[in-house]
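Thanks for coming. I will go through one protein, starting with its overall make-up and then moving to a few particular places.

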Amino acid sequence: MADRERDELERNIRRLVEAADLDAATTVALEGYGPEILRFLIGFHGDEAAASEVFSLFAEGIWRGIRTFDWACLFRTWAFAVARMASLRHRRDQGRRAAREAPLAQCAAISEIAEQVRSQTLSYLRTERRSRFAAIRDNLPPDDRALLMLRIDRKLAWKDCAR
């Protein structure tokens with residue numbers, strides 16, 4: 001996504017949040033940033049199934065947290081932070097996950113968008129050729145891999161990676 005498109009996406013999300021149209025803001029955010037977040041999660045977890053589960057937690061986290069997001073950073077930066085926290089919770093709660101999982105009953109549209117982004121991104125990634133760099137990256141510890149992916153693949157500034 002080009003900087004110009006990203007700036008427009010940020011403005012659209014903020015406009016919708018300020019208008020209190022939180023479902024639309026969440027939809028725009030997931031459609032705009034969902035594919036790159038899912039690619040990040042697949043790289044972080046090294047497993048499509050785990051990444052898919054974490055993406056669901058991420059989508060729920062965005063939906064629940066968007067109303068309290070304070071715009072101290074870019075929405076994109078916050079979205080990556082939400083994704084990382086969802087990943088850490090997923091790892092921590094592996095034994096309890098089955099009892100906790102439930103669809104987003106209050107907002108079925110968010111679940112549908114999450115599934116659409118997930119299926120489109122996974123389809124794209126299956127056809128993408130893995131580079132030698134990606135193979136080396138996959139051998140790094142998860143936290144190092146996440147930092148490398150955020151900085152190099154997602155082009156986040158170091159200060160945003162730190163957040």
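The protein has nine helices and zero strands. Here helices are DSSP runs of H or I of at least four residues, strands are runs of E of at least two, and both are numbered from the N terminus. Written out from the N terminus, the order of elements is α-α-α-α-α-α-α-α-α.

Before going on, a word on where this comes from. The model is predicted, so local features need pLDDT of at least 70 and side-chain atom pairs count only at pLDDT 80 or more, while totals for chains, interfaces and linings use all residues. Residues are numbered from 1 along each chain as its sequence is written, and side-chain values use heavy atoms, with hydrogens and water left out.

How much of the protein is buried? Of its 163 residues, 44% are buried. Buried means under 20% relative accessible area, exposed means over 50%, and partly exposed is in between, with a 1.4 Å probe and protein chains only. As for contacts, meaning heavy atoms within 4.5 Å, take those between residues at least 6 apart in sequence: 68% of them join residues at least 24 apart.

Now to helix 3, residues 48-65, and helix 4, residues 75-92. They pack at an angle of about 125 degrees, and their axes are 8 Å apart. The axes are lines fitted to C-alpha atoms, for helices over the stretch in contact, and angles run from 0 to 180 degrees between N-to-C directions. Helix 3 and helix 4 are therefore oblique to each other. The cut-offs are under 35 degrees for roughly parallel, over 145 for roughly antiparallel, 65 to 115 for roughly perpendicular, and oblique for the rest. On the helix 3 side, the residues in contact include Leu-57, Phe-58 and Gly-61, and on the helix 4 side they include Trp-78, Val-82 and Ala-86. By type, the residues of this contact are 11 nonpolar, four polar and two charged. Nonpolar covers Ala, Val, Leu, Ile, Met, Phe, Trp, Tyr, Cys and Pro; charged covers Asp, Glu, Lys and Arg; the others, Gly among them, are polar.

A second pair is helix 2, residues 22-45, with helix 8, residues 142-153. Their axes come within 9 Å and cross at roughly 150 degrees. That makes helix 2 roughly antiparallel to helix 8. Among the residues in this contact are Phe-40 and Phe-44 of helix 2 and Met-149 and Leu-150 of helix 8. The contact divides into six nonpolar, two polar and three charged residues.

Next, the aromatic rings. Rings of Phe, Tyr and Trp (its six-membered ring) pair if their centres lie within 6.5 Å; planes under 30 degrees apart are stacked, over 60 edge-to-face, and the rest tilted. The count comes to nine aromatic pairs. One of them is the tilted pair of Phe-55 and Phe-58, at 5.5 Å centre to centre with 45 degrees between the planes. Phe-55 and Phe-58 are three residues apart in helix 3, so about one helical turn separates them. Both Phe-55 and Phe-58 are buried. Elsewhere, Tyr-33, Phe-69, Trp-71, Phe-75 and Trp-78 form one aromatic cluster.

Trp-71 from that cluster sits in the loop between helix 3 and helix 4. Its phi is near 60 degrees, a positive value in a residue other than glycine. Is Trp-71 buried or exposed? Trp-71 has a relative accessible area of 18%, so it counts as buried.

Ala-20 also has a positive phi, about 65 degrees, although it is not a glycine. Ala-20 lies in the loop between helix 1 (3-18) and helix 2. With 61% relative accessibility, Ala-20 counts as exposed.
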